[in-house]
Amino acid sequence: MPTNSATKISKLAVVILAAGKGTRMKLPYSKVMAPLLGKKVIDFVIQAAMNFVKSHAQEFHIGVVVGHQKESIQDYLKNNSLIHFYEQKEQKGTADALKAFTQNTKFEYDHLLILCGDTPLLTENHFFAMWEKMQANPKENLAVLSTFDLSNPTGYGRVISTPSGLQIMEEKDATMEVKKVKRVNAGLYLLKKSLLKKLDEIKNTNLAHEFYLTDLFSQDPKVVEFCFEDAQNFLGINDMNQLNEAESVLKKRKIQNLRREGVYIQDESSTFIDWDVEIGAGSQIAPFTIIKGKTHVGEQVKIGPWNYLENVIIGNGCELHAHNHLVDSKVGENSQLGPYARLRPDCDLGSETKIGNFVELKKTKLGPKSKVPHLSYVGDATIGSKVNIGCGFVTCNYDGKNKHQTIIENNVFVGSDCQVVAPITLGEGSFVAAGSTITQSVGAGDFAVARTRQVNKVGLAKKFLEK
Ligand code: UD1
Ligand code: CA
């Protein structure tokens, strides 16, 4: 997007209308809070607005008009100090929603960009195109109305050119003749503040008895039209099928962005990657993999097939074999996981560690080069470096009331089929013999064996086998 300070908007207010009920979504909460690729619908609208104001405005202010379910929206966005809320007490239409902003804001603006909270596919490029249109004749133009053409325009306001300017007719009020018009109002507007003088003149004398914002832009020769060609990006989320359509578009955008950054993603249709996930160059994602939340994957990592990752940090060069389930954890670089490894929350694995098949870890810190290769449960444990845990190991961390800690220091060797009853410590360089149930801590460098002694009876097998 080419720009320099001369073409910047000096004082820009952005208003996002999000007070409506969104009845067709049938959700117990506001539709702008519906889930979308690991985020919420409104996040995408705010992100686009943010990107635009940061590169194209000298001073800016972002307002969100809330009403229906306002608490949950305000609570969700409370950590973003650049968002200001305005309340529309009763949902009397889009013009009334805008008034909630214009009558209460203290920000001095010269231009106003109006967005709907339910159009998550728009980007700063759309807003920039409108700004360019405005600048094409800056003295004359008072507002830019965005439009696009639809073969099935049902539900949208239709835009008609008249000698005295554009005319917008809502579906409900349209005659049969007007309903045939394919050009629709996109619901995205850029205007100069002076046009707002007309806001108080808008009446609700229409079939819906609503105050239509569209009336502000009707029959005014200084309102110009910008017709977009990418109708699909103007999709509004009014029902669950549209939410799904939007998600498919964003999913594709995300995967294409990652590919541009050098990530190999074999099969787009079976790969689901949330919007905020980061993946380094040279990494490979095999099919049937889901990567969610704030996951960060380093460079040259191999993942999958069939992996589920949520809020995890994976270091460079790791290899995640098939069928792992990893949540809220960290894996150091060049480690190996799976197949069938499970990391429950709060695991922190050092570099070059190995977690093998059918191993479950919970709240466990594992030092560099340590290994838990087969069939084990390790919970509430701190394990040092270069520790080798044999097959079938269990930390008995729970006594029915409380969870207890296991500490295994550096260079410990634990044989196969051992249990340690926590709280317990295995000192540095100690050795636990296979088949032991360890109930007392083991000192550094000591050898522990805890199993009954074996008795061999010569020739007695026959007695049992012959039965
Ligand atoms: C609106 C336009 C229509 C356009 C379409 C594009 C009007 C009158 N019509 O219709 O011309 O083709 O968008 O998508 O503006 N809202 C409030 N308070 C209210 C009513 C609505 O905040 O009292 C908010 C909603 O939360 C929503 C936005 O305004 O984010 C648009 O409202 P919606 O009811 O979806 O308008 P449409 O019928 O889609
Ligand atoms: Ca809508």
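Predicted model: local features only at pLDDT ≥ 70, side-chain atom pairs only at ≥ 80, totals over all residues.
Local features require pLDDT of at least 70, side-chain atom pairs count only at pLDDT 80 or more, and totals for chains, interfaces and linings use all residues. Residues are numbered from 1 along each chain as its sequence is written, and side-chain values rest on heavy atoms, with hydrogens and water left out.

The shell around ligand 1 holds 20 residues (a residue is near a molecule if one of its heavy atoms lies within 4 Å of it). L17, Q88, T94, E170 and N185 come nearest. By class, the shell residues divide into eight nonpolar, nine polar, with Gly counted as polar, and three charged. A nitrogen atom of ligand 1 is 2.7 Å from an N or O atom in the side chain of Q88. An oxygen atom of the ligand is 2.9 Å from a polar backbone atom of G20, and a backbone N or O atom of G93 lies 2.9 Å from an oxygen atom of ligand 1. The protein covers 84% of the 750 Å² of accessible area that ligand 1 has on its own (Shrake-Rupley method, 1.4 Å probe). Strand 1 (9-18), helix 3 (94-102) and strand 10 (183-192) each give two or more residues to this shell (DSSP runs, with at least four residues for helices and at least two for strands).

The structure holds 16 salt bridges (a side-chain nitrogen of Lys or Arg within 4 Å of a carboxyl oxygen of Asp or Glu). One of them joins D149 and R183, whose closest N and O atoms are 2.8 Å apart. Because D149 lies in strand 7 (residues 143-149) and R183 in strand 10, the pair ties together parts 34 residues apart in sequence.

Conventions:
Chains lettered and ligands numbered in written order. Polar contact = N/O pair within 3.5 Å; in protein donor to acceptor, adjacent residues only side chain to side chain.
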